[in-house]
Amino acid sequence: MNNIEDWCISRQIWWGHRIPAWYDAEGNIYVGEDEGSVRDHYNLGSVELNQDEDVLDTWFSSSLWPFASLGWPENTDDFKKHFPTSLLVTGFDIIFFWVARMMMMGIETMGKVPFETVYVHPLVRDEHGKKMSKSTGNVMDPLDLIDKYGADAVRFTLTAMAAMGRDLKLSENRIEGYRNFGTKLWNATRFAEFNEASPNNDFDPKSVKQTLNKWIIGETALVREAVDNSLEQYRFNDAANALYVFVWNKVCDWYVELSKPLLQGEDLTAVLETKETLAWVLDQSYILLHPIMPFITESLWDETGLRKKLLTHAEWPKYTSLDYVNEEADKEMNWVISLIEQIRSVRSEMRVNAGAKIPMIQLSLDTIAQKALDNNKLMIMRLARVESVTLASEAPNGAVTLPVEGGQFCLPLADIIDLEAEKARLNKAIDKLEKELNSINQKLSNDKFISNAPAAVILENRTRIEVGGKELLTLQAALKRVMEMF
């Protein structure tokens, strides 16, 4: 705010606040609230006056907004309560036109800066990075998007993509993906209802005994801390993404699936504890998601229990990881999840039939890893589609090794897949992809191509390089596994 210079506060446009200045025939200027007050103040009688035809600059008018909208110049209750305020949210393209001028007018007129913090959000562009305009035809009407995907999906998309320091490239595919996220939460709620998992106001998360339940309660505390830390720093995208990973991956994928053996077991105490834990975790998910996705969370909150108040009036949780994280349970369940993910990854890379059950051989495990396996063997076999777990001192020919913390397993796949055919397929796919990526790289290194190609085409090619690079690494890893099996 140094080196402030005057700026012209008049605009020659046909709309706006007309400048309150009047001129007589000799060019004298009279300023007042209206023509009558001007005549009275200056004793002009019947002198002919003409009002200035220009209007006040729109940025000048809006620079008065922090106090003019609160009843100023009267010292109203609204003015006393809301001036100065704590936060202004704006785009970086109008920092000088609006933010700086509000500060300037606040200091000049009120003697105070009108806000303490400015949150500068990204500009919304189309998926190719172009500014949206009607003439280009790339405008996305929020109301149309809400009609198609729902308000929550649009809100979550904008929040998850609102990273500091970069523009937001909006596409319908993104919005559709976050609509699916809402569906995922809805399905988890239906799973809880199907299993008669209802909220219990007397439930104490610290009282659970099952390792799985201790783990998910600890994960809930960790995401609560992550969300609060992100919101305090105005990193709304970090809050949204932390919730996305927690709800989709840890609650809906892992916890729901891993809880099925417990819910279907004969230990009634474990069944009840798991039902109450599931209901509690979902309640916490609704609360933490509510600022971003208020409609679906309010609806699910209302449907899933006898509530004394609306979700929007519920207390924000204050528990911490120190309260709820159990390190032993956390380590055990992360070991289980890592093993299942490795088995699934090998199955996918080797193109093992999704419905086929495969054997697994335990080569070596230390005491801690053995306990983790013994406690969770049924869940591992069910989710990884393993038909048996046997012991051996070394891996047979045609087996893929799986290193885990504290030991090693292997998957004997020689009789399940055709190694020669798989080797040939992977080599062919790698060769084809490498040629494609080399061709694109040659284009992108050609100055003539960069100068003449549309921005969308250049972006498409760069995106293909990034995606293709990841595909190539996956194929090369799969080939390495196959070669190790010969």
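**View A. An open sheet of 3 strands, in the order 3-2-4, pairs antiparallel.** Strand 3 (29–31) and strand 4 (50–51) are the edge strands; each has a single partner strand, so one side of each lacks a neighbour in the sheet. Strand 2 (residues 21–23) joins strand 4 through 2 bridges. Tyr23 sits opposite Asn50 in strand 4. Strands are DSSP runs (E, at least two residues), as are helices (H or I, at least four), numbered from the N terminus. Pairing requires at least two DSSP bridges between two strands. This is a predicted model: local features need pLDDT of at least 70, side-chain atom pairs count only at pLDDT 80 or more, and totals for chains, interfaces and linings use all residues. Residues are numbered from 1 along each chain as its sequence is written, and side-chain values use heavy atoms, without hydrogens and water.

**View B. Strand 12 and strand 13 form a hairpin with 2 residues between them.** Strand 12 (residues 399–404) and strand 13 (residues 407–412) run antiparallel, joined by 6 bridges. Val400 faces Leu411 in strand 13. In the turn, Gly406 has a positive phi of about 90°.

**View C. The largest nonpolar core has 87 residues.** Such a core joins buried Ala, Val, Leu, Ile, Met, Phe, Trp, Tyr and Cys residues through side-chain atoms within 4.5 Å. Buried means under 20% relative accessible area, exposed over 50%, partly exposed in between (1.4 Å probe, protein chains only). Helix 10 (residues 236–263) gives the most to this core, with 13 residues. Ile343 is among the residues with the most contacts inside the core. Leaving aside residues up to four places away in sequence, Ile343 touches Ile358, Met360, Ala384, Val386, Leu402 and Leu411 (heavy atoms within 4.5 Å).
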